[in-house]
Amino acid sequence: MGESAVGELVPSVKDEPSLDPAAERPPVPPAPPNPESEDAGPSDMDKDSLCPICMQIISDAFLTACGHSFCYMCIVTHLRNKSDCPCCSHYLTTAHIFPNFLLDKLLRRTCARQKAKSASPFEHLRQSLQQGREVSIKELDGLLSLLTEMKRKMEQEEAEKNMQILLDFLHCLREKKTEELNELQADLLYIKEDINAVQRYRTGLYRTKDGFSVKLRMLNGDSIATKAWASLTDKHESGIMCSARYAQGQMGSQNKIADAMDQASSHVLQRRDACSGSDLQSVAPSALAVARKRQVHSQFNGLQECYLQKRRNWNGQSHKQDRRDTNTVSRGGYNPGLDDFLSVLTTFTRYSRLRVIAELRHDDIFHTPNIVSSIEFDRDNELFATAGVSRRIKVFDFSSVVNEPADVHRPVVEMPTRSKLICLSWNKYTKNHIASSDYEGIVTVWDVNNRQSVMEYEEHEKRAWSVDFSRTEPSMLVSGSDDCKVKIWCTRQEASVLTIDMKANICSVKYNPGSSIYVAVGSSDRHVRYYDLRNISQPLHVFSGHRKAVSYVKFLSNNELASASTDNTLRLWDVKENLPLRTYRGHVNEKNFVGLSVNSEYIACGSETNEVFVYHKAISKPMAWHRFGSSEGDDENNVGRYFISAVCWKNDSPTMLTANSQGTIKVLVLAA
């Protein structure tokens, strides 16, 4: 048995010369020549150095009585479960295994050689120093030269990478700036064209005005004006006759007419100035014009953005049309984009502040909390209703509030309710009908004349935040609740007509003013959804952008939808093209319902600073604002306690109703 065991060990020891050619070979039996033995040796050695159990390089080699080598832990663990050899199934116990010192030595040498082959020169130097070997100066110089070369190569590669990154950045920057330059050049071209067009139009207006002034003086018997008018008429007629033959003569005559008109108007002005100095004030810039210029400069960036956007949009549309339509002009004689901007500029600079024209206090002696949650005008803007935590719907006559100042205004109609109210909506067809939603989830339709409820809908399971009558279908109304449901009601039915189930609390609902089949929904999940009621399986559009709950949704037109959120912003959306249009910032709204109201041009909202803000729909910053004062005074401590809770425009007029959490209602009007 011992001789056979030694014979089994020979193949493992036989491969030692292939690992160390300098070692002395022991005598071995002759073997047939194999030309690939030198190449096959290392791979065979690699295989023989693996443990048959873990298939890793043998660690702490032990030899079995049957001649196989294993890791000590591997074979011991195996023999605890079985009493045989993993390779040949020969009977085996722990008493039949022995340390294989020779194989351990060979494996250590092999690992050392492999590490030496893969080690860097620095590693070689470190090992030599650790082993206490002497290193010559020549070896150190060679090593330093190698390290210097490697450092130079790495620095060069790093520099090349940095230069490539810098070059890519510069190329990108050049492309971007080239695009900006092209855009700027196009903008400058638009501005130049519009300046010329406006100057021509303005010159025409001045000439027309001077002509009217001369004619008016002539009618009043002014001899100088009569002569000037006769001269103008003769020159104008002669210019027309010449223009039939010579086009340039017409232009010259027009210039002469203009000069003559200027001369005549100057004579009139001189005579007017001689008689009275009052007309000099009309020539000087008025305070209103100065205020409007100041407002333009204060919002210059917003107006610039608006102008360029409208001009570029019209230019893009003109490129899509036929060539014959590219020079489209408006009725004023200039580009339609400029015409649109002129409309914005006119409506924006028309007003610069909010002025109080009436203040209404209807505090209840026995009901101290009097937050006004909703305030709405009726169909004809003659009455307005308020509702809130006082559990009452109060209807006031608007003209009486404005024209008859009083310490406490009494409502013309007052209807008690079972719960605190949140929202009101007047019927747009039946003047005396108004709908309300309350904290118990009840939606009620009231008859103001009879002071009684007409219908009560109790399907909502939680607080109903919003209710709205349809403008085009007066019998239909929509409501939204904390139970994550939007319900469509008909005043001729006791049960809901349609239910939209959602996954978030509903904060606001609104019918499209041009159709009863489209509804906008604002919810606590930060989204605004636009539904087609003919298919409620999924919304027609989902508008994303708000970072917190959407508290209000209101339509400026059939295609423009405004939304308010507790992220301190308002947003404007295009429901037809499914596009975001603008974001408005300036007010403070982080936790309360502060009100939202819109008309065709302006957006009004409240603020938690007890202020009302008004935005022009084309400008992102507020154009006017007004701060409410507390009953104790306007000191900072008192002002911070209250917030604006409701706002409402009077149709498309510059007048609005505003209410705060203290119960004070003010009638404000936009003023220059």
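This report describes the nonpolar cores, a nonpolar surface patch and the salt bridges of a predicted model.

## Nonpolar cores

The largest nonpolar core holds 26 residues, of which Leu354, Val612, Val614, Met656 and Leu670 touch the most other members. At least two residues of this core come from each of α12 (300-320), α13 (336-349), β26 (602-606), β27 (611-616), β28 (622-627), β29 (644-649) and β31 (664-671). Another core, of 16 residues, lies apart from it and includes Cys51, Cys71, Ile75 and Ile97.

Leaving aside residues up to four places away in sequence, leucine 670 touches Tyr351, Arg353, Leu354, Tyr602, Val614, Ala624, Trp649 and Pro654.

## Nonpolar surface patch

Met163, Leu166, Phe169, Leu170 and Leu173 make a nonpolar surface patch of about 470 Å². Leucine 173 is placed in helix α7 (residues 137-219) and counts as partly exposed because its relative accessibility is 33%.

## Salt bridges

The whole structure contains 21 salt bridges. One of them joins the side chains of lysine 431 and glutamate 382 (3.4 Å, N to O). These partners are 49 residues apart, with lysine 431 in the loop between β9 (421-426) and β10 (433-438) and glutamate 382 in the loop between β5 (372-377) and β6 (383-388). Both residues also belong to a salt-bridge network with Asp378, Arg379 and Asp380.

Glutamate 456 and arginine 418 form a further salt bridge (3.3 Å, N to O), linking strand β12 (residues 452-457) to the loop between β8 (413-416) and β9 across 38 residues. Glutamate 456 is partly exposed at 36%, whereas arginine 418 is exposed at 52% relative accessible area. In the salt bridge between arginine 529 and aspartate 525 (2.9 Å, N to O), arginine 529 counts as buried at 15% relative accessibility, and aspartate 525 as partly exposed at 22%.

Conventions. Residues are numbered from 1 along each chain as its sequence is written. This is a predicted model: local features need pLDDT of at least 70, side-chain atom pairs count only at pLDDT 80 or more; totals for chains, interfaces and linings use all residues. Side-chain values use heavy atoms; hydrogens and water are left out. Patches are made of residues with over 30% relative accessible area and no salt bridge: like charges are joined within 9 Å, nonpolar side chains (Val, Leu, Ile, Met, Phe, Trp, Tyr) within 5 Å. Accessible areas come from the Shrake-Rupley method with a 1.4 Å probe; for residues, only the protein chains shown count as cover. A salt bridge is a side-chain nitrogen of Lys or Arg within 4 Å of a carboxyl oxygen of Asp or Glu. Helices (H or I, at least four residues) and strands (E, at least two) are DSSP runs, numbered from the N terminus. Buried means under 20% relative accessible area, exposed over 50%, partly exposed in between (1.4 Å probe, protein chains only). A nonpolar core is a set of buried Ala, Val, Leu, Ile, Met, Phe, Trp, Tyr and Cys residues joined through side-chain atoms within 4.5 Å. Contact means heavy atoms within 4.5 Å.
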